[in-house]
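Hello,

Here is the structure I promised to hand over.

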Amino acid sequence: MTYTGRTLGIGLMKGKPFAFYLLCSRSFPKRRAVIKGNAAYIENLTETENPYVSYPVVRLLEDYAVVTNGLQTDFIAQALEWESPKKALIHVLDALDYERDDYNTPRIAGIIGKDGRGWLGFAGKDEFWVRELELKEGKAFVTATYNLGFTEIEFPQFNTAQELAEKTMGLPFKNKVLAIGILSRENWELGWKRASE
């Protein structure tokens with residue numbers, strides 16, 4: 001199995017846009033997701049001075065859901081108030097750039113719209129891209145901080161955000177800690193699952 005670090009995907013299931021976030025970690029496996037209103041946060045449960053291991057991971061807006069691997073989540077959500085998803089990703093990821101940690105961890109970000117559109121972005125030390133994507137039924141476009149690049153996968157069927165999180169935990173990647181699922185039905189739905197559960 002491959003170690004991908006933080007993994008992010010957007011797709012379409014039964015006509016409904018979805019996104020997922022899979023946290024894989026070798027250094028900080030003791031973390032949990034906290035859902036508060038229209039947002040979700042990754043919370044580290046061990047003592048550290050590393051500023052990158054706790055962060056807002058999901059922000060739900062009226063028309064869009066934003067999911068990322070860092071503090072860019074809230075900046076992108078704010079930018080969506082006055083510019084398009086593509087421009088929001090370009091401007092925020094370009095401004096913040098990759099994380100200045102020991103691994104030069106890339107920043108990744110995704111946006112899905114209730115209208116079925118989707119966007120992914122990647123800001124690494126030597127690579128930068130933002131893509132507007134036509135979501136495909138039963139599939140997900142995926143990127144990750146390490147060893148994955150940009151790819152398309154068949155995604156197993158699910159009906160709820162919780163089931164989406166559970167299916168995400170089944171993806172064949174190493175050192176899985178937790179997964180978060182975001183699904184557009186009547187309203188946005190959030191679900192999450194930790195590896196030990």
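**Sheets, helix and pocket**

Ala179 stands opposite Lys193 in β13. Seven bridges join β12 (residues 176-184) to β13, and the two run antiparallel. Strands here are DSSP E runs of at least two residues, helices are H or I runs of at least four, and both are numbered from the N terminus. Two strands count as paired if DSSP finds at least two bridges between them.

This is a predicted model: local features need pLDDT of at least 70, side-chain atom pairs count only at pLDDT 80 or more, and totals for chains, interfaces and linings use all residues. Numbering starts from 1 along each chain as its sequence is written, and side-chain values use heavy atoms, without hydrogens or water.

β12 and β13 belong to an open sheet of six strands, ordered β11-β10-β1-β2-β12-β13, with antiparallel pairing. β11 (150-154) and β13 (188-194) are at the edges with a single partner strand each, so one side of each has no neighbour in the sheet. The twist averages 20° from one strand to the next. Axes are lines fitted to C-alpha atoms, for helices over the stretch in contact; angles run from 0 to 180 degrees between N-to-C directions.

A second open sheet has seven strands, in the order β3-β4-β5-β6-β7-β8-β9, again with antiparallel pairing. Its edge strands are β3 (31-36) and β9 (128-134), each pairing on one side only. Here the twist averages 15° from strand to strand. Helix α1 (residues 72-79) packs on this sheet and touches β5, β6 and β7 (107-113). Contact means heavy atoms within 4.5 Å. The direction of α1 makes about 30° with that of β5. Three bridges join β5 (residues 55-60) to β6 (residues 64-68). Val58 has Val67 as its bridge partner in β6.

Now the pocket. The largest one is lined by 18 residues; Arg6, Ser27, Asp101, Tyr103 and Thr105 lie nearest its centre. (A pocket is an open set of points on a 1 Å grid over the protein atoms alone, where a 1.4 Å probe fits, with protein on both sides within 12 Å along at least five of seven lines; lining residues have an atom within 4 Å of a point.) Its volume is about 340 Å³, counted as the space filled by probe spheres set on the points.

Regards
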